[in-house]
Amino acid sequence: MAQFELVMPKMGESVAEATIIKWTKNEGDAISADETVLEIATDKVDSEVPAARAGILEKKLFKEGEVVAVGTAVAIMRDASTSEPASPPATKPSAEKTEVPVIRNAPAAAVVASSDASARFYSPLVKNIARQEGISQAELDNIAGSGKDGRLTKEDILNYLPQRSKTPASPVVANEIITAPAAKTEVVQPKPAPVVSLNAGDEIIEMDRMRKLIADHMVRSKQTSPHVTSFVEADVTNLVLWRERVKKEYEKREKEKITFTPLFVEAVAKAIRDYPMINVSVDGSNIIRRKSINIGMATALPSGNLIVPVIRNADMLNLSGLTRSVNDLALRARENKLQPDEISGGTFTISNVGSFGNVMGTPIINQPQVAILAVGAIKKKPAVLETPQGDVIAIRHMMFLSLSYDHRVVDGSLGGSFLRKVADYLENFDLNRPI
């Protein structure tokens with residue numbers, strides 16, 4: 001019967017292109033519905049693209065390593081009942097819907113975009129690094145690229161930076177406009193990477209793709225945002241006693257466990273509604289105040305890396321809804337079954353350093369957000385309580401909360417007040433709250 005197109009699926013917010021890593025099927029192969037046809041990569045994740053319905057792969061429209069825009073047909077398929085293949089239609093964006101790809105929790109090759117100042121293609125990440133390091137367009141054009149068709153990758157430019165100070169400065173191009181002489185300024189060259197010596201018995205372990213992406217993301221976050229961290233200690237005794245009292249009944253009724261994480265998310269969502277300027281992003285000299293409260297929760301993977309699934313509209317969910325979302329996202333994160341939209345669009349992040357036995361931490365902001373909360377381990381400690389009969393010392397369940405925030409837009413007053421409000425919601429938890 002008729003042909004149909006397999007198109008490059010939407011891979012989350014702000015992702016317009018993806019790179020084909022590997023074709024898992026060959027032309028002429030019969031493919032079942034939902035069976036993986038190819039593997040793709042963006043600057044966020046690696047994913048598998050399944051067939052929308054059963055058929056035969058008639059023609060691949062792109063090769064491995066090529067960059068394809070979202071919505072573009074990547075292959076032509078035909079129904080298995082079609083006896084003779086027809087000529088494939090021209091490649092164009094299609095409304096044919098494919099299944100949402102499944103994330104395999106790894107970063108991907110850089111998304112390539114064109115540069116207005118050069119005939120050579122550069123990814124947004126490469127251009128951003130060049131801008132931060134003061135690399136001119138002429139100098140950028142002279143760096144050898146290892147990517148397809150000589151394209152410059154992130155690794156190429158990062159490898160170039162340490163040796164940059166050893167190479168002569170790029171000559172001034174002939175058509176450069178020279179203005180009036182200015183005061184002599186000293187050009188600050190980037191510091192070369194330290195030389196790492198190897199000793200007997202040392203083992204060299206190459207970073208996997210996800211660890212490379214995390215490392216780059218953390219460095220760029222510190223370069224982008226002036227980090228300030230505030231701390232507060234909270235008495236969460238009522239919270240702990242309530243959970244201990246209801247957890248068995250809750251698990252019996254809902255068929256799943258209730259952890260402390262949804263309780264933390266609930267308190268943060270309430271505090272964000274009280275202090276909405278924490279729920280913002282910075283775009284140049286503009287502040288974007290987010291309407292939705294989408295809270296990411298840093299989750300450890302079996303590989304030791306981290307991924308941050310997002311609970312959307314967390315302030316609109318009750319405690320049962322938050323618990324289901326937290327448990328579901330955490331489970332599928334560990335099983336590498338998250339979908340692209342489930343790790344994008346976060347407006348605030350929570351990192352539970354207490355799950356590793358740490359009492360506090362100084363987390364790095366998850367760009368383009370402006371704040372991230374670390375919750376420490378809950379410990380029994382002696383604490384002074386004020387009573388009508390006078391002060392007494394009692395054993396209480398205590399924990400530290402630490403908030404790292406972007407001092408460009410969040411000052412100490414806002415950051416400290418927001419953190420205190422989160423602690424207040426946790427400390428004033430209703431011990432008689434129904435489940």
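Biologist: What is the volume of the second largest pocket?

Modeller: The second largest pocket has a volume of about 770 Å³. This is a predicted model, in which local features need pLDDT of at least 70 and side-chain atom pairs count only at pLDDT 80 or more, while totals for chains, interfaces and linings use all residues. Residues are numbered from 1 along each chain as its sequence is written, and side-chain values use heavy atoms, with hydrogens and water left out.

Biologist: What counts as a pocket, and how is a volume defined?

Modeller: On a 1 Å grid over the protein atoms alone, a pocket is an open set of points where a 1.4 Å probe fits, with protein on both sides within 12 Å along at least five of seven lines, and lining residues have an atom within 4 Å of a point. Grid points are joined across faces, edges and corners, and the volume is the space filled by probe spheres set on the points.

Biologist: Which residues of the lining lie nearest the pocket's centre?

Modeller: The second largest pocket is lined by 21 residues, and those nearest its centre are Leu 158, Asn 159, Leu 161, Pro 162 and Ala 193. Helix 1 (124-133), helix 3 (154-164) and helix 4 (209-224) each supply at least two residues of this lining, where helices (H or I, at least four residues) and strands (E, at least two) are DSSP runs numbered from the N terminus.

Biologist: Changing topic, which way do strand 21 and strand 22 run when they pair?

Modeller: Strand 21 (residues 379-387) and strand 22 pair in the antiparallel sense over nine bridges, given that two strands pair if DSSP finds at least two bridges between them. A hairpin of two residues joins strand 21 to strand 22, and Lys 380 has His 397 in strand 22 as its bridge partner.

Biologist: What else is joined to strand 22?

Modeller: Strand 12 (residues 227-235) is joined to strand 22 (residues 390-406) by nine bridges, running antiparallel, and Ser 230 stands opposite Leu 403. Strand 20 (residues 371-375) also runs antiparallel to strand 22, with five bridges, and there Ala 374 has Ser 402 as its partner.

Biologist: And Lys 255, is that residue buried or exposed?

Modeller: Lys 255 is exposed, with a relative accessible area of 70%, where buried means under 20%, exposed over 50% and partly exposed in between (1.4 Å probe, protein chains only). Lys 255 sits in the loop between helix 5 and helix 6, and has a positive phi of about 65° although it is not a glycine.
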